[in-house]
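Q: Could you walk me through a structure I have to look at for class? I would like to take it slowly, one piece at a time.

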Amino acid sequence: MVELLLKKMAKTYVLEKREVPVLEDITFSVKKRESIAVVGPSGCGKTTLIRMIAGLEKPTKGVVMIKGKKITKPTKEVNMIFQSFSLLPWKTVLENVEMALLDKPKKERVEFAKKYIDLVGLDGFEESYPRELSDGMKQRVGVARAIAKEPEILLMDEPFGSLDPLTAYNLRKEILRLFENRKLNPNVIILVTHNIEEAVYMADRVLVLSRRPARIIGDIKIKLDKPPDIRSKEFLSYVDEITSMIS
Amino acid sequence: MISKRMLLILIIIFLVSSVYLLGFGFLELIAASVFSFLRMFGAYLIALVFSVSFGVLMGHNAKAFKYLLPVMDILQSVPILGFLPVALIFLLSIPIVGAELATIFLIFTCMAWSILFNVIEGVKTIPYTVREVAKLNRIDGMRYLTNIVFPAIYPPLISGSIAGWGGGWYFLVVGEFTTFGGTVHHVFGIGSFIAEQAYAGDIVLSLIGIFALSLMVLLINSFVWSVLMRHSEKFKQRSRADIEFEEGIPDIVEDASEMISEKLENVTGIFDPVLKFAHIEPESKPDKPSYLFTVLLMGGLIAALAYLFLQSGINIFELLSYSGSSIGRILIAYFIALLWTVLAGLIIERNRWLYSRLLPVFDTLQSIPAVAVFPIIVVLLIETASVFIGNSLALEIASILLLLTGMQWYLLFNIMRAIRHIPSRIGELGDLLNLSYLARLRHMVIPLMLPAIIAGSIEAIGGGWNATIVSESIIYKDITFSPETGGLGYLLSKGTALGDWTLILSSLLMMVLIIILTDKFLWAWAIKKMEKYTAEG
């Protein structure tokens with residue numbers, strides 16, 4: 001079943017009256033329970049791509065469809081995790097997660113938020129403020145806030161980019177674990193990263209973008225068990241294959 | 001900040017001396033203070049509502065920003081006392097409450113601008129990723145305001161309020177006591193108490209009034225503003241450890257406010273359509289102010305000025321020479337202020353002990369609204385000095401001294417703040433490089449102080465223009481004294497006193513024009529030049 005479909009999508013920015021094409025002819029579809037990683041040279045338009053899936057930007061040409069519906073603005077089916085955490089410093093962990101649930105009545109909202117705080121392993125920190133947390137914990141709050149809305153599609157824009165390697169490793173494993181839980185949303189993960197090992201580790205499919213204006217130059221199925229063994233020969237050969245496509 | 005013990009001592013001195021000097025009149029003084037406070041508070045509430053609604057609107061709505069910003073910019077540059085004639089003529093005609101409304105309106109004009117511009121700045125600094133989170137989670141309408149916008153503007157709102165509130169005190173004396181069209185307009189309050197005593201020649205009673213006023217300023221600063229300031233500064237970097245402010249609030253109040261906010265959450269939704277209509281949403285961002293519209297506004301001002309000349313028969317050379325003498329006086333006062341504050345800054349920079357001793361002294365002195373001291377300076381110079389140096393020179397000096405009192409603190413406090421923030425590693429770097437004191441001054445201390453000097457200069461010159469209106473037309477014992485060389489402030493107060501509209505408007509427009517030109521060319525250039533010094537290294 002097709003969850004997400006991008007058809008002949010293109011994006012052109014106008015900078016000082018000059019047209020700068022960023023993305024060209026992007027077409028791909030994502031099935032339920034698929035996780036996708038988007039990699040490519042830096043500045044190629046990876047972030048622009050997922051911002052359009054989020055409905056934060058409109059494509060110049062083509063369409064983005066979620067479950068057959070055209071996306072023009074943010075919808076409740078999609079949520080996103082940012083590299084910069086983007087927590088509100090004046091709100092506690094609980095209140096930050098509640099921000100995703102403002103549609104619900106207060107009591108239900110708190111219940112829901114607590115459930116997801118537990119799920120990312122932050123129980124006991126509900127009343128803490130972001131300043132008191134390590135970067136890894138802050139991003140856990142970001143994850144809890146993003147999945148508390150129970151989006152069908154979870155977008156991640158370099159979510160581990162500002163974390164130290166060990167913290168990033170642990171958080172990656174946990175997000176995979178959350179995704180493997182078949183009873184819960186999200187049904188689709190789209191991860192933007194410049195880290196090719198991370199892409200191979202997290203994704204079922206890796207989309208490789210070219211230099212700007214970016215096109216899809218590779219769509220590679222990763223046939224590994226989750227979580228994969230990062231020292232296995234198969235893992236490393238996927239990494240090599242993708243690296244050679246980019247450089 | 002002044003210590004609690006020091007405050008207590010001051011209160012006791014005040015109580016003893018005022019009871020001794022005034023007897024039962026002491027109660028009148030207290031009542032006058034309370035009246036003035038209520039007036040300030042009322043004006044502040046209006047300024048708050050005005051600034052937050054316009055600030056939030058202008059921070060979001062591209063059109064509002066485009067067209068309202070140039071208007072607000074021009075209104076802001078009108079010297080506070082320039083609103084005086086307008087307020088008096090329109091509001092005084094309302095029976096009974098007219099005088100009160102005029103005073104509150106004038107105090108409001110002193111407070112509104114710094115809050116407004118800080119709110120706009122606060123809205124602009126909401127990180128764009130936070131806005132995206134709001135968009136993705138569809139946090140809009142009132143929820144967006146209460147959860148994201150209000151907390152984000154809270155710290156700049158408080159610092160703007162402190163500046164605005166200070167401006168209000170400065171103006172209180174004039175606001176409560178002015179002559180207009182030959183009649184004295186006054187309302188009961190501490191400001192009018194000070195002015196009446198001084199103009200009647202009773203300096204001691206006037207001083208007691210100033211004492212009461214300054215004490216009130218100090219009390220409100222240390223029990224309201226500094227508490228809010230600390231809370232708002234920490235608000236952006238909160239932790240469980242430092243919410244002691246909230247712990248001071250009784251549980252009942254906290255529970256009640258939580259309940260109210262929950263109820264409100266359901267009710268305030270009715271405003272959502274209004275907010276949507278006004279484009280106050282996470283995705284809306286202001287554009288640039290309209291260049292064309294600014295030019296049109298300025299052109300309109302110049303045309304109005306030209307028209308008024310032709311109507312009034314005011315000699316253009318007279319107006320220009322009056323502008324010249326006002327500018328000259330402001331420049332002299334500015335250089336005196338610059339000289340002593342920079343010297344003081346350099347001395348204090350070398351001597352941290354002196355810094356900690358002098359700060360509360362400066363803080364206390366600064367809390368005395370400059371306008372309140374005018375009468376005393378006038379008496380000293382007119383009564384005594386004029387015997388030795390002649391009347392006209394004494395008046396010039398009085399006028400410049402009065403300007404000085406309205407200008408110097410801005411420079412001093414900006415410089416002091418900069419010195420406090422000079423990182424210690426800069427000093428260590430100087431030691432490591434074995435620099436001489438002069439080299440250190442040239443390459444480190446002065447460059448570090450420059451942005452503060454520029455910021456202080458902008459405020460000081462603005463304060464100077466505000467002060468011209470009072471300093472060039474000094475009332476003493478029912479006679480108005482003015483320097484022989486005249487000035488725009490003199491012309492404006494003359495117009496106000498005569499109720500002559502062409503005189504009022506042409507002098508006011510001239511002043512606004514000079515201020516805007518200084519802002520747009522001199523200060524804009526200086527700020528651009530300064531950018532490299534403010535960069536973190």
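A: What follows is a conversation about a predicted model, taken sheet by sheet and then chain by chain.

Q: Okay, let's start with the six strands in chain A: in what order do they sit in their open sheet?
A: The order across that open sheet of chain A is S6-S7-S8-S3-S9-S10, and the pairing within the sheet is mixed.

Q: And which strands are at the edges?
A: The edge strands of chain A are S6, covering residues 78-81, and S10, covering residues 216-221, and each of them pairs on one side only. On average, neighbouring strands of this sheet are turned by 15 degrees against each other, if direction is ignored.

Q: What holds paired strands together in general?
A: Strands of a sheet pair through backbone hydrogen bonds, and they can do so in either a parallel or an antiparallel way.

Q: Then how do S7(A) and S8(A) run, parallel or antiparallel?
A: S7(A) and S8(A) run parallel and are joined by five bridges, with Asp157(A) standing opposite Val192(A) of S8(A). S3(A) also pairs with S8(A) in the parallel sense, over four bridges, and there Val38(A) stands opposite Val192(A).

Q: What about S9(A) and S10(A), parallel or antiparallel?
A: That pair is antiparallel, with five bridges between S10(A) and S9(A), the strand of residues 205-209. As one example of a bridge, Leu207(A) has Asp219(A) in S10(A) as its partner.

Q: Back to S8(A): how many of its residues are buried?
A: Five of its five residues are buried. Both faces of S8(A) are covered, with Val188(A), Ile190(A) and Val192(A) buried on one side, and Ile189(A) and Leu191(A) buried on the other.

Q: Which strands does helix H1 of chain A lie across?
A: Helix H1(A), made of residues 46-53, lies across S3, S6, S7, S8 and S9 of chain A, and its direction is at about 150 degrees to S8(A).

Q: Which residues of H1(A) are buried?
A: The buried residues in H1(A) are Lys46(A), Leu49(A), Ile50(A), Met52(A) and Ile53(A). If you look down the axis of H1(A), its buried residues fall within an arc of 155 degrees, so they line one face of the helix.

Q: And what comes just after H1(A)?
A: Just after H1(A) there is Gly55(A), which takes a positive phi of about 85 degrees.

Q: New topic: what is the strand order in the open sheet of four strands in chain A?
A: That sheet has the order S2-S1-S4-S5 in chain A, and its pairing is antiparallel. S2(A), residues 18-31, and S5(A), residues 69-70, stand at the edges with a single partner strand each, so one side of each has no neighbour in the sheet.

Q: How many bridges join S1(A) to S2(A)?
A: Ten bridges join the two antiparallel strands, where S1(A) spans residues 2-15, and across this pair Tyr13(A) stands opposite Val20(A) in S2(A).

Q: Switching to chain B, how many helices and strands does it have?
A: Chain B has 21 helices and four strands, and of its 537 residues, 38% count as buried. Among its contacts between residues at least 6 apart in sequence, 79% join residues at least 24 apart.

Q: Last one: how many residues from each chain take part in the contact between A and B?
A: The contact takes 21 residues from chain A and 21 residues from chain B. On the chain A side, the residues that touch chain B are twelve nonpolar, four polar and five charged.

Conventions
Residues numbered from 1 in each chain as written. Chains lettered and ligands numbered in written order. Predicted model: local features only at pLDDT ≥ 70, side-chain atom pairs only at ≥ 80, totals over all residues. Pairing = 2+ DSSP bridges. Axes fitted to C-alpha atoms, helices over the stretch in contact; angles between N-to-C directions. Contact = placed C-beta atoms within 7 Å. Nonpolar A, V, L, I, M, F, W, Y, C, P; charged D, E, K, R; others polar. Buried ≥ 20, exposed ≤ 12 C-beta atoms within 10 Å, placed from the backbone. Arc of directions from axis to C-beta.
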